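The following note collects points for a colleague who is reading the model alongside its sequence. Comments are set out as numbered points.

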Amino acid sequence: MADELIHELSAGYALDALDPHEREEFEQHLAGCERCREEVATFASASAALAVAVPPASPPPDLGERIVAAARAERPNVVPLRPRWTPRALPIAAAAAAAAVAFAVGALAFHGGSHASALRSIPVEGASGSLVVSGKQAALVLSGLGRAPVGKTYEAWVLRDGAAAPAGVFRGGGRTITFRLTRDVPSGAMVAVTVERAGGVAKPTRTPMIVSGRV
Amino acid sequence: MSDVGSRDLAHLSDEAVVALVARSDDIALGELYARYGAAAYALARRVLRDATLAEDAVQEAFLAVWRGAERFLPERAKASTWLLTLVHRRAVDLVRREERRRGQPLDETHDAATEGSAADDAWLRLERERVQAALRQLPDQQREAIELAYYGGFTQSELAERLGRPLGTIKSQMFAGLSTLRRILDAAELEASWQTS
């Protein structure tokens, strides 16, 4: 009897018509009741059909761009307790990647970079982490960057005088990645990352998801 | 550059686009918006009756997709259903906070209709007529409970009070009504797929 009553809530749940305490109670029930999960799934497609029956309305033309910009400014939730992205969060993000920076220092030193004291950390926008520069060499140190989609890769670019030169591809994934750019980064240049088809491309085809400050 | 990216994804299914969003592909998020932004906005606008609040609901829902796309289970629901469910949930949460709006009558179907013709394509118009026809087949009391809940954001206990019916009756009517609606829509869908094959 009690089971039948809670089962009946599946319709109210799919219509978002439960009181908050009932919603909570039903969600707990849902976790352990396959029958209700299936019921909710099929009811959800009926209620989503109701969504289509409303009078049309045009969103502001820039809403999509604003949403994508807001998403870009937020980091994917790969890293737990990741601070919400704001310019003020930059030092925090940089600090979080400190261990990886140490690794990058090693990588740069190993590849004949200048002395560690000449290292500079340049903030990046679009991801947690930084661009670590030593002389003309640079490495991207990024945390919480999800693995590139199947058939895709991340590709780094050195931006200078309005042109983008390819600087290597990498896959992402894991807690922190350190990617040493395959191309020198002269003073005044910027570094960007796009998602490209696997293997990389000669010219970026996408809007950069990550852009560094000026070197 | 971003145009090229959008065209790249045009051939992908909604579910494949969501899978890309789960990998933090913001071009894919833009593609998802291109497909469902207008429908999401129209829904939020209907529930909230306010352009700014509707924008907030849509933005929050798409950002919820951005943050939680890896939790989406394609075997459980269509991507569009999942997205519109998120939009509806946000809109209802907001309208319950904006108590004053719900005093307004619910049967004004023209409040946003005139400005929307640009977003209104033929497929959407057919789909809307199909669902409205299905709704009309429901017994009056069931339809009323469902419409007030879904478009008005009223909870079952609020409806019991507003309509002067016992809470148990409201719950049963909603269950029966949505079950019938599901059956009619499924049957219509089946018919449509027969015609195209």
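1. Strand S4 of chain A, residues 152–160, pairs with S7(A) in the antiparallel sense, and 8 bridges connect the two. One position that may be checked by eye is Trp157(A), whose bridge partner in S7(A) is Ala192(A). As with everything below, this pairing is read from a predicted model.

2. Strand S7 of chain A covers residues 190–197 and is also joined to strand S8 of chain A, residues 210–212, again in an antiparallel arrangement but through 2 bridges. Within that pairing, Val193(A) stands opposite Ile210(A) of S8(A). How much of S7(A) is buried? The count is 6 of its 8 residues, so S7(A) is largely enclosed by the rest of the structure.

3. These pairings belong to an open sheet of 8 strands in chain A, with antiparallel pairing and the order S5-S4-S7-S8-S1-S2-S3-S6. Which strands form the edges of the sheet? They are S5(A), residues 163–170, and S6(A), residues 176–180, each of which pairs on one side only. Direction ignored, neighbouring strands of the sheet are turned against each other by 25 degrees on average.

4. Among contacts in chain A with a separation of 6 or more, 59% are between residues 24 or more positions apart.

5. Chain B is built from 9 helices and has 0 strands, which gives the pattern α-α-α-α-α-α-α-α-α along the sequence. Buried residues account for 42% of the 197 residues of chain B. Of the contacts in chain B between residues at least 6 apart in sequence, 65% join residues at least 24 apart.

6. The two chains touch each other: 70 residues of chain B are in contact with 50 residues of chain A. On the chain B side, the helices that each supply at least two residues are H1 (2–9), H3 (26–48), H4 (51–68), H5 (79–97), H6 (122–136), H7 (140–152), H8 (156–163) and H9 (167–196). Which of them gives the largest share? It is H3(B), with 14 residues. By class, the side of chain B that touches chain A has 35 nonpolar, 19 polar and 16 charged residues.

7. The axes of H4(A), residues 63–73, and H3(B) come within 10 Å and cross at roughly 150 degrees. An angle over 145 degrees counts as roughly antiparallel, and H4(A) and H3(B) are therefore roughly antiparallel to each other. The crossing of H4(A) past H3(B) is right-handed. From H4(A), the contact is made by Leu63(A), Gly64(A), Ile67(A), Val68(A), Ala71(A) and Arg72(A), and from H3(B) by Asp26(B), Leu29(B), Gly30(B), Tyr33(B), Ala34(B) and Gly37(B). The residues of this contact divide into 7 nonpolar, 3 polar and 2 charged.

8. Asp16(A) is not a glycine, yet its phi is positive, at about 55 degrees. Where does Asp16(A) lie? Its position is in the loop between helix H1 (2–14) and helix H2 (20–31) of chain A. Is Asp16(A) buried or exposed? Asp16(A) has 22 C-beta neighbours inside 10 Å and therefore counts as buried, the threshold being 20 or more.

9. A positive phi also occurs in chain B, at Arg49(B), where the value is near 55 degrees and the residue is again other than glycine. Arg49(B) sits in the loop between H3 and H4 of chain B. With 18 C-beta neighbours inside 10 Å, Arg49(B) counts as partly exposed, whereas Asp16(A) counts as buried.

Notes: Residues numbered from 1 in each chain as written. Chains lettered and ligands numbered in written order. Predicted model: local features only at pLDDT ≥ 70, side-chain atom pairs only at ≥ 80, totals over all residues. Contact = placed C-beta atoms within 7 Å. Helix = DSSP H or I, 4+ residues; strand = E, 2+ residues; numbered from the N terminus. Nonpolar A, V, L, I, M, F, W, Y, C, P; charged D, E, K, R; others polar. Pairing = 2+ DSSP bridges. Axes fitted to C-alpha atoms, helices over the stretch in contact; angles between N-to-C directions. Buried ≥ 20, exposed ≤ 12 C-beta atoms within 10 Å, placed from the backbone. Parallel < 35°, antiparallel > 145°, perpendicular 65-115°, else oblique. Left-handed = near helix turned anticlockwise from the far one by under 90°.
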